[in-house]
Amino acid sequence: MRVTRKNRESVNVTSLVLEPTDGQPLTAALPGSYRVAAATNVDAPALLRSYSLSGEPSEDCYRVSIKREPTASLAPYIDSEVRLATSSTRAHRAAASR
Ligand SMILES: Cc1cc2nc3c(=O)[nH]c(=O)nc-3n(C[C@H](O)[C@H](O)[C@H](O)COP(=O)(O)OP(=O)(O)OC[C@H]3O[C@@H](n4cnc5c(N)ncnc54)[C@H](O)[C@@H]3O)c2cc1C
């Protein structure tokens, strides 16, 4: 999955829109569905976090909305460092399981 949109919803909530990199349709989500995101860095073990899907059901993309706590580890990173997927920002790509 790659991040194709990033929206600041409020002072401490950021939404990411994730689209598949393989072009295949996604499983349309049911109410209450969540996905597990893995943040990888070559120097540290992957951080796994669950996020509820916050967008309309879609086979094209998933949206997650992430609340940032000041002392948390991954949410502040997502808020400040995750960039939209382009050839120069692949290192910051968030991978999510289907
Ligand atoms: C099924 C499911 C669905 C979920 N859906 C969502 C969702 O839609 N949106 C969402 O934002 N989250 C969701 N979560 C929670 C999410 O998976 C993460 O747990 C959450 O975002 C915190 O991750 P983090 O790495 O930012 O914080 P972590 O680093 O894991 O910290 C967790 C908490 O501990 C506190 N903490 C961390 N370090 C310290 C310290 N040294 N001293 C004191 N306190 C500390 C942080 O302030 C934070 O409140 C969901 C979880 C589950 C299980």
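This report describes the fold, the core and the ligand shell of one protein.

The model is predicted: local features need pLDDT of at least 70, side-chain atom pairs count only at pLDDT 80 or more, and totals for chains, interfaces and linings use all residues. Residues are numbered from 1 along each chain as its sequence is written.

**Fold.** Helices (H or I, at least four residues) and strands (E, at least two) are DSSP runs, numbered from the N terminus. Their order from the N terminus is β-β-β-β-β-α-β.

| Element | Residues |
|---|---|
| Strand 2 | 13–19 |
| Strand 3 | 34–41 |
| Strand 4 | 44–52 |
| Strand 5 | 62–67 |
| Helix 1 | 74–81 |

**Pairing.** Strands pair if DSSP finds at least two bridges between them. Strands 3 and 4 run antiparallel, joined by seven bridges. A hairpin of two residues links strand 3 to strand 4. Asn41 has Ala44, in strand 4, as its bridge partner.

**Core.** Buried residues (20 or more other C-beta atoms within 10 Å of their own, C-beta atoms placed from the backbone) make up 14% of the 98 residues. The largest nonpolar core has 12 residues, among them Met1, Leu16, Tyr51 and Ile78. Strand 2 and strand 5 each supply at least two of this core's residues. Such a core is a set of buried Ala, Val, Leu, Ile, Met, Phe, Trp, Tyr and Cys residues joined through C-beta atoms within 7 Å.

**Ligand shell.** Around the ligand are 15 residues, each with its C-beta atom, placed from the backbone, within 6 Å. Glu69, Ala72, Ser73, Leu74 and Ala75 come nearest. Strand 4, strand 5 and helix 1 each give two or more residues to this shell.
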